[in-house]
Amino acid sequence: MVYWYLSKFSKDLNVYLILFRILNVLCPQEHGKSLKLQFLEKHFLLSSINSFGQLHYQDISTGEMVANYRTGLGRTDVMRVNPYNAVIGLGHAGGKVTMWKPTSVKPLVTMLCHSGPVTAIAFDRGGHLMATAGVDRKVKIWDLRKYEVINSYAARAQSLDFSQKGLLACSNGSQVEIFRDTGGQDYKIYMKHRMVKGYQIGKVLFRPYEDVLGIGHSMGLSAILVPGSGEPNFDTFVDNPVETSKQRREKEVQSLLNKLQPETIMLNPNMIATVRPSRKKEKK
């Protein structure tokens with residue numbers, strides 16, 4: 001029921017619910033007991049992590065299993081996709097964060113982010129900032145261009161999410177804290193919201209193109225207004241929040257025809273369609 005309500009706050013969550021049912025009913029042997037799902041909409045790939053620490057990539061347009069890798073770092077239920085380059089980020093019990101693509105057996109990047117288990121990961125819209133939270137009661141913001149810590153805060157968070165305008169929402173127990181960049185990537189407290197006593201927050205998620213934060217908790221769903229979180233000026237060629245059902249069907253057909261191949265997923269997508277630099281042997 002909570003997923004149905006959350007679908008009103010994110011256009012992808014209703015897709016997750018349908019795909020979750022398909023995985024556990026039709027494909028139990030291939031995916032196992034899935035803990036987290038992420039959908040790569042430009043590649044039509046469904047990524048899942050199961051209780052054995054196995055990462056799966058499946059093409060939902062053809063039903064073909066693209067990749068199946070064992071992370072080797074144990075069970076994890078922390079998973080997020082980077083919207084900039086479609087790289088999957090996993091948080092592990094040893095405090096490490098690994099980044100994966102479907103054409104690589106080993107992780108592209110392995111970062112030691114916390115001294116304890118990682119509880120949440122979030123990527124900003126541009127893909128160059130990553131927020132992580134751990135059991136060590138720290139929330140860290142990383143610059144993925146240098147893989148360095150920008151800021152570190154003493155706070156606990158079970159869920160993290162960046163808004164379209166760069167606001168960061170952190171949930172802990174029955175409280176939600178929202179940070180805002182005051183300049184120079186220095187995040188300060190912008191808002192605080194406390195739920196009724198006894199409500200345990202499980203997920204926070206900003207609604208795109210609106211100043212609304214959806215909060216999924218133990219008693220259902222709540223929504224709060226967060227001024228300045230949504231993108232006010234949208235490009236209808238990229239995403240149209242007021243599209244009709246006919247426009248949505250045409251967009252799905254076009255996106256299927258223009259589907260990207262798994263080989264296009266890389267840390268720096270700007271390398272696509274560029275000339276490969278010549279090696280020393282080729283120069284000689």
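This tour visits aromatic rings and cysteines in a predicted model.

**First stop: Phe39 and Phe44**

A search of the whole structure finds four aromatic pairs. To view one of them, select Phe39 and Phe44 and display their side chains. The ring centres of Phe39 and Phe44 are 6.3 Å apart, and the ring planes meet at 85°, so this pair is edge-to-face. The reasoning rests on the angle, because planes over 60 degrees apart count as edge-to-face. Next, consider the surroundings of each ring. Phe39 is buried, at 13% relative accessibility, and Phe44 is buried as well, at 14%.

**Second stop: Tyr69 and Trp100**

Now select Tyr69 and Trp100, which form a stacked aromatic pair. Their centres are 6.4 Å apart, with 20° between the planes. Colour the strands to see where the two residues belong: Tyr69 lies in strand E4, residues 65–70, while Trp100 lies in strand E7, residues 96–100. The pair therefore ties together parts that are 31 residues apart in sequence. Are these two residues buried or exposed? Tyr69 counts as buried, at 13% relative accessibility. Trp100 also counts as buried, at 1%.

Finally, select Cys113 and then Cys170. Cys113 has a relative accessible area of 2% and is buried. Cys170 is buried too, with a relative accessible area of 5%. Both values qualify because buried means under 20% relative accessible area.

Conventions
Residues are numbered from 1 along each chain as its sequence is written. This is a predicted model: local features need pLDDT of at least 70, side-chain atom pairs count only at pLDDT 80 or more; totals for chains, interfaces and linings use all residues. Side-chain values use heavy atoms; hydrogens and water are left out. Buried means under 20% relative accessible area, exposed over 50%, partly exposed in between (1.4 Å probe, protein chains only). Rings of Phe, Tyr and Trp (its six-membered ring) pair if their centres lie within 6.5 Å; planes under 30 degrees apart count as stacked, over 60 as edge-to-face and the rest as tilted. Helices (H or I, at least four residues) and strands (E, at least two) are DSSP runs, numbered from the N terminus.
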